[in-house]
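Here is a short report for a first look. Please keep the sequence and the 3D view open while reading.

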Number of protein chains: 2
Amino acid sequence: MTRPPQRATAFAPASASNLAVGFDILGHPAGPTGDRVTVTRRGEPGIVITGVTGVAGPLPMDPAANTATVGLLRMLDEVRPGFGLEVSIEKGIPLGSGTGGSAASAVAGIVAANALLPEPLEPAALFRYALMGEAVASGAVHGDNVAPCLFGGLVLVRSAEPMDVVTLPVPATLRCAMARPHQRLDTRAARQVLPSAYPLHDVIRQTANLAGVVAGCCTGDLALVGRSLRDVLIEPHRAALIPGFYEVKEAAMKAGALGCSISGAGPSLFAWCDGDAIADAVCDAMVAAFAACGVASDGWTCAVGGPGARVEEVS
Amino acid sequence: MTRPPQRATAFAPASASNLAVGFDILGHPAGPTGDRVTVTRRGEPGIVITGVTGVAGPLPMDPAANTATVGLLRMLDEVRPGFGLEVSIEKGIPLGSGTGGSAASAVAGIVAANALLPEPLEPAALFRYALMGEAVASGAVHGDNVAPCLFGGLVLVRSAEPMDVVTLPVPATLRCAMARPHQRLDTRAARQVLPSAYPLHDVIRQTANLAGVVAGCCTGDLALVGRSLRDVLIEPHRAALIPGFYEVKEAAMKAGALGCSISGAGPSLFAWCDGDAIADAVCDAMVAAFAACGVASDGWTCAVGGPGARVEEVS
């Protein structure tokens, strides 16, 4: 009889969500940065957080308050595998950056723990546990970071509970340029600036653009995507929270982006581009524009349909 | 030198719009019924309506107030072809039925007149003139009846002004069942029951469903279309205006429809179905359910990506 695995490490990528037209429903991975979680079997039940390293500031060491472990607690409670977990978290994604850091920690923890279970869980179960961690951080249950982080690809979260996640086709040349200011914007604060209700006229324009983006991605019509990647509903309310927003967006568009808006709740911005060369130029332009506004930032480019979380090591 | 054409007749089909998830932005033809307009050159400038026949009640004989001629007046004013028009209208679509009667009259008039012009107009110009007629009837500029009626196909009106009309792929087996009660519902009245603003939570659900329907049509995933063809935004407010709505919808779903909701502003209902056999059964079930509620109705089935307006005769 072989000894069951004692320790597993999983990596989960950053992600860009909302994507201008898909508030709470659209997202895609935005690596290469991400969070890494290592879980180790312990004889006693329950969870102990043994360490938090990386780019994040102080994080709760109470497993019931940490996004990486809230879902894990529930998983152990429901699955009852007969062991507890020591959890070590390596944050590669800054908190409050709008690039899915809470989702990545939650996903990495669940995916790592899943590798220690005698019978791996179904995708829907992994999704549900990871959502619990995300909800702690954002104050709302929405899967548009968890789903792309967990499954990869450009995803539509038609429903988070019950899970209905649809992977959308991605045009071959579509790329994403990201710019992440060295500032923190609390997701809950970014939610509080949103009106509770939206005029029908704006809803119609937003839905028309959403349909254009989805149809453009499905049919490979990047011109349609470019005409449609415009946020009339959410961006106008959140832009003021992001120093340099309009300057950076203008710089991205001038450099050839198909569209540019807020990644997640911000302050990071994303820009979709046709091809690597334009994505590189747009990325440089965005970082330069942030700098011109006195804001330091990191920039990088990535695929729109990239891979999700992966188990890196089991021993 | 050949004599220029003196008379032209055009036919424009009924249409189903809104389609549960695409208020003011989605529509498709819903023939075989439609309106027919004959235009005849006259030496004097301006327009004279010489007759209105068919299923409609009394219609304005003033060309500035009739949906079939408002756009024509503007066309003559801008194009200045050197002649006026006698216009005869044969209504096949009852007014206030929710199946695009105003749009069909406007489109048929424009398409017929276009056949008499020395140089035919661009599609965008035809669309713009036809929209003017539609606006007279509905009190709002929205192209989700005019576009499918004019161009055919399942169309997304990303923007009416300027025109950005996208033809969406239609799954091969997708069919539509229609049921039109013998009752009239004024489009303006149906607009007045709509709230001016919508909660973010409902907007998120509606957009998730819209994205599902568009993606499902583009990728041929009718199961996704079926899960997504649900209106949480508009239908709840308008259902009360349609006697028998919930009974007819339930009957359609029990008979196997992918989804069922209000066609246009109602009171007609549409139901999307997978295949002819189910569409026939759904159609029968809808008409029977209306009858059980004491409401007489016509039922028919049609393609979702059927043809738009056509010139029938030029002489």
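## Strand 2 of chain B and its partners

Strand 1 (residues 7–17) of chain B pairs with strand 2 of chain B in the antiparallel sense. The pairing runs over 10 bridges. One pair to find is Ser17(B), whose bridge partner in strand 2 is Gly27(B). The model shown here is predicted.

Strand 2 of chain B spans residues 26–42 and is mostly covered. Of its 17 residues, 14 are buried. Strand 4 (residues 84–91) of chain B is joined to strand 2 by seven bridges, and the two run antiparallel. There, Arg41(B) stands opposite Leu85(B). Strand 5 (residues 154–159) of chain B also pairs with strand 2 in the antiparallel sense, over two bridges. In that pairing, Gly27(B) stands opposite Val155(B).

## Chain A as a whole

Chain A holds 10 helices and 12 strands. Its radius of gyration is 19 Å, close to the 20 Å that the globule rule gives for 315 residues, so chain A is as compact as a globular protein of that length. Along the principal axes, its C-alpha atoms fill a box of roughly 60 × 40 × 40 Å.

How much of chain A is buried? Of its 315 residues, 56% count as buried. Now take the contacts between residues at least 6 apart in sequence: 74% of them join residues at least 24 apart.

## Helix 10 of chain A

Helix 10 of chain A covers residues 276–292. At 1.5 Å a residue, its 17 residues should span 24 Å; the end C-alpha atoms are 24 Å apart, so the two values agree.

Buried residues in helix 10 of chain A include Ile278(A), Val282(A), Met286(A) and Phe290(A). An α-helix has 3.6 residues a turn, so residues three or four places apart point the same way. Among the elements that cover the buried residues of helix 10 are strand 7 (174–181), helix 9 (245–254), strand 10 (269–274) and strand 11 (297–303) of chain A. Just after the helix, Gly294(A) takes a positive phi of about 80°.

## A loop residue: Pro171(A)

Pro171(A) is found in the loop between strand 6 and strand 7 of chain A. Is Pro171(A) buried or partly exposed? It counts as partly exposed, because it has 19 C-beta neighbours inside 10 Å, and a buried residue needs 20 or more.

Beyond its neighbours within four places in sequence, Pro171(A) is in contact with Cys217(A), Gly220(A) and Leu222(A). Gly216(A) is 45 residues away along the chain, yet its C-alpha atom is separated from that of Pro171(A) by 8.4 Å.

## Where the two chains meet

The contact takes 33 residues from chain A and 33 residues from chain B. On the side of chain A that touches chain B, at least two residues each come from strand 5 (154–159), strand 6 (164–168), strand 8 (197–199), helix 6 (200–219) and helix 7 (222–228). Helix 6 of chain A gives the most, with 13 residues. By class, this side of chain A has 21 nonpolar, eight polar and four charged residues.

Strand 8 of chain A pairs with strand 8 (residues 197–199) of chain B in the antiparallel sense, over three bridges. Here Tyr198(A) has Tyr198(B) as its bridge partner.

## How the copies are related

The same surface serves both copies: 100% of the contact residues of chain A recur in chain B.

Technical notes: Residues numbered from 1 in each chain as written. Chains lettered and ligands numbered in written order. Predicted model: local features only at pLDDT ≥ 70, side-chain atom pairs only at ≥ 80, totals over all residues. Helix = DSSP H or I, 4+ residues; strand = E, 2+ residues; numbered from the N terminus. Rg over C-alpha atoms; globule rule 2.2 N^0.38 Å. Buried ≥ 20, exposed ≤ 12 C-beta atoms within 10 Å, placed from the backbone. Contact = placed C-beta atoms within 7 Å. Nonpolar A, V, L, I, M, F, W, Y, C, P; charged D, E, K, R; others polar. Pairing = 2+ DSSP bridges. Expected span 1.5 Å × (residues − 1).
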